[in-house]
Amino acid sequence: IFSFFTIAFAAGLVYGWPALRRNLVKNEDSTLTESQLGIIFTVGSWSTQGGRFFFGIARDRYFGTRITTCICLTATAAGCIGIAFCDKNNMAALAVSLFLVGLGSGAQLCLQPVAGLFPTNSQGSIVASFSGSFQVAGLIFVILTAITTDRRKSFGPFALCLGLLVLLAYKLLPRNHFHFTEVKANEVEDDDMSNQVSDDVDGANIQTVGNEKDLENQTFSNDPDKNGDTNATTRGTSIGNGGETPEADCSVSTNSLQQDDNGILVWDQIKNVEYILLVLWFSAQLIPLQYYVATIGFQLERKGDDDGTYTRLFSVLYASAAAFGPILGKIADTLGLGLAQATATILSSFSLLFLTFESISLGAQVVGMASYGLGRMMVFAMFFTNVGKRFGYGNYGTLAGLGLILSAIASLLQYPLIALAAGGSEDPVNLYSALWMVGLGLPYNYWLWRREKKYSTSTARKPSVVQT
């Protein structure tokens, strides 16, 4: 619950940009051009993507969950203070402030591995709900600018609220990582000790009281009698150097600090063809998705949204997609990641295609905006779910963070698209962006679906073991 609300209040604030942009242009009469405003958003969106790489490594290798999350939240609070007090025409100050706000996204990467504590067949729904809460954060700027157009009176107090969230994070989060540790019932004298989080040198342990049957498929144990010598039993899929296992329990050795909880070197996972194609798919989808957020405000204004009603409605629909997160995540849990990622690709491309045609009325654009909210949430949710379910959570921060920074580098291509749209060429940019997403996305989605189906069938015939 804490993870969900923290992500909702801090991780995705940058994507409330349309409301902040309109406040600057319409309410404060800023003289910044659309191209300059596009640069500000590009800087903030880049830090949202790229910053998670560094925070992922920090969480995995150096500082652990608690400290890294606190750093992310502190940066976001500092950015909100900057937005509150910087001049409406100071592009550099606004860009730096939005950059700091974007660093709050690292909190999502730190907190999402809590999904690994749940059964594999529910992890997709949990991660999707986190991606939904990330989009809820896009509503914060709408609320703040609706309360008052004076940024000092809205963003300033909100920064104080984020400061309180830092204190809560330090108090509630585990020092290192989330793990299950089996605790025998006769070793615990107080029932209140069940399901508590505790710190140790190896990480935070979720201690569950009960008999062995109750703990089946829910324990991470280093007991040689249970696992055989130096083996550790973990739940879910973990992919090594060219080898895969389907959604089944696996036993692998753990003997290196550079290995994940399944004993697999992170570099072997990075070189895996499935990870490489996942990152390429994610990057290809992200470029048009970022362009859409940056330009939706002035595109709607050009279609007749003079009072900003539909710009505000976009933010509401964007945030409302969170309600469908668990349902859409269930697609990955029941039908597989290939079909789920294909659904994300189609929904995202449809939103741009819908925006292309002048014959579609302003009121009907609600359909395209709703499609965007759902599609974007699924793109991110399926990327994170794929990393967790197919590669495990031991190197989760590094793998997800690397994918995010590579996609962030690719997403810099959004600015030429923004500049073209600002110059009046939004319709062809929208159309070709939609075709780009489908043309590069669906073939990979089909390949992944066939791959999952193939290994699911092989698992039904015999147990699988991770290959390294």
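Colleague: Which residues do ring pairs link into a cluster?

Modeller: Ring pairs join Tyr15, Trp17, Phe41, Phe134, Phe282, Phe380, Phe383 and Phe384 into a cluster. Keep in mind that this is a predicted model.

Colleague: How many aromatic pairs does the structure hold?

Modeller: There are 21 aromatic pairs in the structure. Take Phe282 and Phe380: their ring centres are 5.1 Å apart and their planes stand at 85°, so the pair is edge-to-face.

Colleague: Where do Phe282 and Phe380 lie?

Modeller: Phe282 is in helix H12 and Phe380 in helix H16, so this pair ties together parts 98 residues apart in sequence. Phe282 has 0% relative accessibility and therefore counts as buried. Phe380 is buried as well, with a relative accessible area of 5%.

A stacked example is the aromatic pair of Tyr318 and Tyr372, with 6.4 Å from centre to centre and 25° between the planes. Tyr318 belongs to helix H13 (residues 309-320) and Tyr372 to helix H16, so parts 54 residues apart in sequence are tied together. Tyr318 and Tyr372 are both buried.

Colleague: Which residues touch the most other members of the largest nonpolar core?

Modeller: The general idea is that, in soluble globular proteins, nonpolar side chains tend to be buried together. Here the largest nonpolar core has 110 residues, and Phe141 and Phe384 touch the most other members. Helix H12 (residues 273-302) supplies the largest share of this core, 15 residues.

Colleague: What does Phe384 touch, not counting residues up to four places away in sequence?

Modeller: With those left out, Phe384 touches Arg52, Gln108, Leu109, Gln112, Val127, Ser131, Tyr396, Ala400 and Leu404. Phe384 is also one of the residues in the ring cluster.

Colleague: Now the charged side chains. How many salt bridges does a search of the whole structure find?

Modeller: The search finds 9 salt bridges. To read one, look for a side-chain nitrogen of Lys or Arg within 4 Å of a carboxyl oxygen of Asp or Glu. Glu34 and Arg21 form such a bridge, their closest N and O atoms being 2.8 Å apart. This pair links distant parts of the chain, 13 residues apart: Glu34 in helix H3 (residues 34-62) and Arg21 in helix H2 (residues 17-27).

Colleague: Are Glu34 and Arg21 buried or partly exposed?

Modeller: Glu34, at 22% relative accessibility, counts as partly exposed. Arg21 is buried, with a relative accessible area of 1%.

Colleague: With which residues does Glu274 form salt bridges?

Modeller: One partner is Arg390, at 2.6 Å from N to O. Glu274 lies in helix H12 and Arg390 in helix H16 (residues 365-391), so the bridge ties together parts 116 residues apart in sequence. Another partner is Arg451, whose closest N and O atoms with Glu274 are 2.7 Å apart. Arg451 sits in helix H18 (residues 414-461), 177 residues from Glu274. Arg451 is buried, with a relative accessible area of 14%, and Glu274 counts as buried at 0%. Elsewhere, salt bridges that share partners join Arg21, Arg22, Glu34 and Glu301 into one network.

Colleague: Which residues form a nonpolar patch on the surface?

Modeller: Tyr62, Phe63, Ile67, Ile71 and Tyr170 form one, with about 540 Å² of accessible area together. Among them, Phe63 is placed in the loop between H3 and helix H4 (64-85). With a relative accessible area of 45%, Phe63 is partly exposed.

Methods
Residues numbered from 1 in each chain as written. Predicted model: local features only at pLDDT ≥ 70, side-chain atom pairs only at ≥ 80, totals over all residues. Heavy atoms only, no water. Core = buried A, V, L, I, M, F, W, Y, C linked by side-chain atoms within 4.5 Å. Buried < 20%, exposed > 50% of the residue type's maximum accessible area, 1.4 Å probe, protein only. Helix = DSSP H or I, 4+ residues; strand = E, 2+ residues; numbered from the N terminus. Contact = heavy atoms within 4.5 Å. Patch = residues over 30% accessible without salt bridge, like charges linked within 9 Å, V, L, I, M, F, W, Y side chains within 5 Å. Areas by Shrake-Rupley, 256 points an atom, 1.4 Å probe, with all protein chains shown as cover. Phe/Tyr/Trp six-rings, centres within 6.5 Å; stacked < 30°, edge-to-face > 60°.
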